[in-house]
Amino acid sequence: MSLHVLDHPLLQHKLSLMRDKETSVKTFREVVTEMTTLMCYEATRDLALESGEVETPVGIAKTSRLAGKKLAVVPILRAGLGMVDGVLSLIPSAKVGHVGLYRDPESLEPVEYYCKLPKDIANRKVIVLDPMLATGGSASATIDLLKGYGCQQIRLMCILAAPEGVERIQTDHPDVEIYVATVDEKLNDHGYIVPGLGDAGDRIFGTK
């Protein structure tokens, strides 16, 4: 299955805080980071390891360490920026790329306005970050862009998803694993997830 719904009790508790319209910007931002850290733990469960040894104060211990190139994370601007620290707290050596998209008002299709990626992005496992998977248009376009740079191991991590967004990614990119804390009911006529949590970018950065 390409969709992984992470129903850990801590994630569900923190999600309830994010949904509450009375939650402050400070708390919302902190909870986004906390949720991302917990989700990253699951999304990286199958990373390759290599064996080694270290000398402890009392002997030699056999060890396992991450093998090969480490991760890259690519937040979709701007809301995805709120998830970066949650990943870096677990994997501080991960490289960070950035992709900026806006929706064309006539075609409603995503248009790239910014892209800055690590030079060796094609050799890394990439986790795309965006708190909300609504229509799936921006996420799909970002994945298309990354594949254009040669990326072959891509995962998408979102806190909240709509069925329409999940279906879009599964149709456009059946090879991409999707990690979410929950899948909500639907999208409304304005493209917002229902019941959702509002605009994640505005709530992270306090712009509304």
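Me: How many bridges join strand β8 to β10?

Reply: Strand β8, residues 126-129, is joined to β10 by four bridges, and the two run parallel. Strands here are DSSP runs of E, at least two residues long, and helices are runs of H or I, at least four long, numbered from the N terminus. Two strands pair if DSSP finds at least two bridges between them.

Me: Before we go on, what sort of model is this?

Reply: It is a predicted model: local features need pLDDT of at least 70, side-chain atom pairs count only at pLDDT 80 or more, and totals for chains, interfaces and linings use all residues. Residues are numbered from 1 along each chain as its sequence is written, and side-chain values use heavy atoms, leaving out hydrogens and water.

Me: Back to β10. How does β10 pair with strand β12?

Reply: β10 and β12 (residues 177-180) pair in the parallel sense, over three bridges.

Me: Are the faces of strand β10 covered or open?

Reply: Both faces of β10 (residues 154-157) are covered. Ile154 and Leu156 are buried on one side, and Arg155 and Met157 are buried on the other. Buried means under 20% relative accessible area, exposed over 50%, and partly exposed in between, using a 1.4 Å probe and protein chains only.

Me: What about the open sheet, which order does it have?

Reply: That sheet has three strands in the order β9-β11-β13, and their pairing is parallel. β9 and β13 (182-183) are at the edges with a single partner strand each, so one side of each has no neighbour in the sheet. Between β11 (residues 160-161) and β13 there are two bridges, in the parallel sense. Ala161 has Val183 as its bridge partner in β13.

Me: Where is Thr135?

Reply: Thr135 is in the loop between β9 (132-133) and α4 (137-148). Thr135 counts as partly exposed because its relative accessibility is 29%.

Me: What does Thr135 touch?

Reply: Leaving out residues up to four places away in sequence, Thr135 touches Arg103, Glu164, Gly165, Arg168 and Leu187. Contact means heavy atoms within 4.5 Å. As for Ala161, the C-alpha atoms of Thr135 and Ala161 are separated by 8.9 Å, and these residues are 26 apart along the chain.

Me: New topic, His173. Buried or exposed?

Reply: His173 counts as buried, because its relative accessibility is 2%. His173 is in the loop between α5 (163-172) and β12.

Me: Which residues is His173 in contact with?

Reply: Setting aside neighbours within four places in sequence, His173 is in contact with Ser140, Ile143, Asp144 and Lys147.
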